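I opened the model to see how its chains are built and how they meet. These are my notes, in the order I looked things up.

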Amino acid sequence: MGEHKYTGPIAGIFQKMADIIGKDVYYVNFLILMFFTLFEVAAVFFETIPGTDIKITRTAVWGVLIVVGIIKGYGIAAFFMHLKGDPFIYTRTALFPIIFAALMLWGIGLSNPSGIDELPSWCTPNWDYSYVTE
Amino acid sequence: MSGSLHDVKNDVWMRAVIVSVILLFVGGAAYGAFAVGVGSVKKTDWDAADEVLVEAKTNWNLLNETEAGGTSEEAADIHEQKKDARIAYDEAKEAEIDAHLSYLTWITAGKTLLVMMIIYAAFYGISGFYNSIQPEEEHDDHHGDDHEEHHGSASPIMMAAGLMLFMIGFPGFVNTCKSLLGLDYQAEMGDFGLSIVGAAITIIGIGNWWNEDLKGQHEQIASSDPFQGQDIRKAGMWVFLISETMVFASFFSSYLRMRTGWCTEWAVDAGKCEVVDTITASDLLRHEVGTLLPGAINTFALIISSYTIVLALKVAKDTEWKPSENALMAKMFPTRKKAVRNYLIITLALGSMFIVLKLVEWSHLIAEGFTIDTQAGSIFYVATGAHGLHVFIGLLVMLFMVFKADVLEDGYNEQNGQGIEYFGLYWHFVDLAWVAIFPAFYLY
């Protein structure tokens, strides 16, 4: 339960930070989750970077939300849910639905024929909607 | 492999009945303090703000009807008065909205706490009473006798039957509740009674399950691939979480499909379209600290609760645990058993706060006209409501874990700490789902 040392390119960074401050990885993970939550709220809340006139664009906010979501998701799944350290079968189990979720997001989520976002064609399934209009 | 791990007498469940009475008092006190006490003060403030608004509006209307005088000086004077009246009206309107939302905050918090405490009390009271009157088990030492393995449990059948009755009567139950709240609905007492009986049977089924878990069983190990050698309950929890992932994926894909077709403030800012045709919850929430605060606090609350449940597990598994040298921490967590219990109580409190703030936030959104009968409203309330329901179900499980941590002689320890670990997986998943819901519905 946190006594063993985490290794690997990302988990190793968490472990190193934990060693530096003399706490366990759970604590470091908790701090990182809190920090990035503040960061994503700030990214949406401020229209310009505080102290400057540099405008925060919608695309930049999108990027921040997605990257922060991935970091927070990794932190929770790897350390709080112990996927890092547990047998690999649990990671495989956790990843199993991801492909179906991705298919749903692509096949349903991005398939709006009257979407205003002008999504690129590779991103949007070319469904035949003739059954709706005929 | 048979027999109980812990020698727990059934009369220990009377403690749960006592706790249920205390919870009812807490709920009543919270309702009295928040909804009746502060709520009535806020209602007076709201009424006063409303009167000021009516006065400002009347003044503004009167000035608008006033014909400008002949001289340019008189016309300028009327213009100035109109300008002042308009400012006063706008200020009065803003003050009235603030007073209304402040009133809703306290009244909703009070009502939510009361209802939550009644449900908590029902779980403790009904299951506690049911388990306390059960005959004590005979303790014959048949450990290791394979014929005694895998006792079937009646709990799932009881819960399923109870839920069926509850759902059959549910529409009538809702209408009767609305009627009892003074709304214009016809009470349907037959269906209401059916739902109550169904809820009671469900709770008894859950209570029976609690009793079985309190006494404990040896952990069953999977004997074939792909989970060979792993705890069956842990593997089962992960498979369950797969299905939960798909539930939330369906919400997100529906949301994404609708969202790509809306011309929202965000889409206009990004240059995708020109005229806003849909107001989303995030348009109402993300621009001001006050409106974004409940969602942001809830995000922090869930992260902190994820951490506290990890700490509960860590302490339970740590055979060399010692109290902190910090005086306050040592007082809060004096022994291993109490440390685990108190970390669980903190998690329970944070989860309860999440539900209260969520409903406060919903009440504000509904007051501002963002209701479930719009496309944006329906997906928002269904997705965040389903998540809230998951949190609430987790809290009901946690009620038992707090009880177990308190009544077992050693509480949770290195031998039975898996219960916290497996529940923790569910709780972290709920946190993980919020990591996606919060930016998607509150920030974007």
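Among contacts in chain B between residues at least 6 apart in sequence, what share joins residues at least 24 apart? I got 79%. I keep in mind that this is a predicted model.

**Entry: chain B overall.** I counted 13 helices and zero strands in chain B. From the N terminus on, I read the elements as α-α-α-α-α-α-α-α-α-α-α-α-α. I took the span of the C-alpha trace of chain B along its principal axes and found about 110 × 55 × 45 Å. Chain B has 444 residues, and 38% of them are buried.

**Entry: chain A overall.** Chain A has five helices and zero strands. Its elements run α-α-α-α-α from the N terminus on. Of its 134 residues, 22% count as buried. I also looked at the contacts in chain A with a separation of 6 or more, and 34% of them link residues 24 or more positions apart.

**Entry: the core.** Which residues touch the most other members of the largest nonpolar core? I found Ala312(B) and Val340(B), in a core of 119 residues. Helix α2 (residues 72-132) of chain B gives this core its largest share, 17 residues. I then listed the contacts of Ala312(B), leaving aside its neighbours within four places in sequence. They are Val340(B), Tyr343(B), Leu344(B) and Ile420(B).

**Entry: α1 against α2 in chain B.** I fitted axes to helix α1 (residues 14-65) of chain B and to α2(B). The axes lie 7 Å apart, and the packing angle is about 165°. Angles over 145 degrees count as roughly antiparallel, so α1(B) and α2(B) are roughly antiparallel to each other. The crossing of α1(B) past α2(B) is left-handed. I sorted the residues of this contact by class and got 37 nonpolar, 14 polar and ten charged.

**Entry: α3 against α5 in chain B.** At what angle do helix α3 (residues 155-168) of chain B and helix α5 (residues 189-215) of chain B cross? I read roughly 160°, with the axes coming within 7 Å. α3(B) and α5(B) are therefore roughly antiparallel to each other. Their crossing is left-handed. The contact of α3(B) with α5(B) holds 15 nonpolar residues, seven polar and one charged.

**Entry: where the chains meet.** I found 45 residues of chain B in contact with 41 residues of chain A. Which helices of chain B each supply at least two residues of the side that touches chain A? I noted α6 (232-259), α7 (265-269), α9 (289-317) and α13 (418-443). That side of chain B comprises 28 nonpolar, nine polar and eight charged residues.

**Entry: backbone checks.** Most residues other than glycine have a negative phi, and most peptide bonds are trans. I looked for departures from both. Asp225(B) and Pro226(B) are joined by a cis peptide bond, with omega about 0°. Pro226(B) sits in the loop between α5 and α6 of chain B. His82(A) is not a glycine, yet its phi is positive, about 60°. I placed His82(A) in the loop between α3 (58-80) and α4 (88-109) of chain A.

Technical notes:
Residues numbered from 1 in each chain as written. Chains lettered and ligands numbered in written order. Predicted model: local features only at pLDDT ≥ 70, side-chain atom pairs only at ≥ 80, totals over all residues. Core = buried A, V, L, I, M, F, W, Y, C linked by C-beta atoms within 7 Å. Buried ≥ 20, exposed ≤ 12 C-beta atoms within 10 Å, placed from the backbone. Helix = DSSP H or I, 4+ residues; strand = E, 2+ residues; numbered from the N terminus. Contact = placed C-beta atoms within 7 Å. Axes fitted to C-alpha atoms, helices over the stretch in contact; angles between N-to-C directions. Parallel < 35°, antiparallel > 145°, perpendicular 65-115°, else oblique. Left-handed = near helix turned anticlockwise from the far one by under 90°. Nonpolar A, V, L, I, M, F, W, Y, C, P; charged D, E, K, R; others polar.
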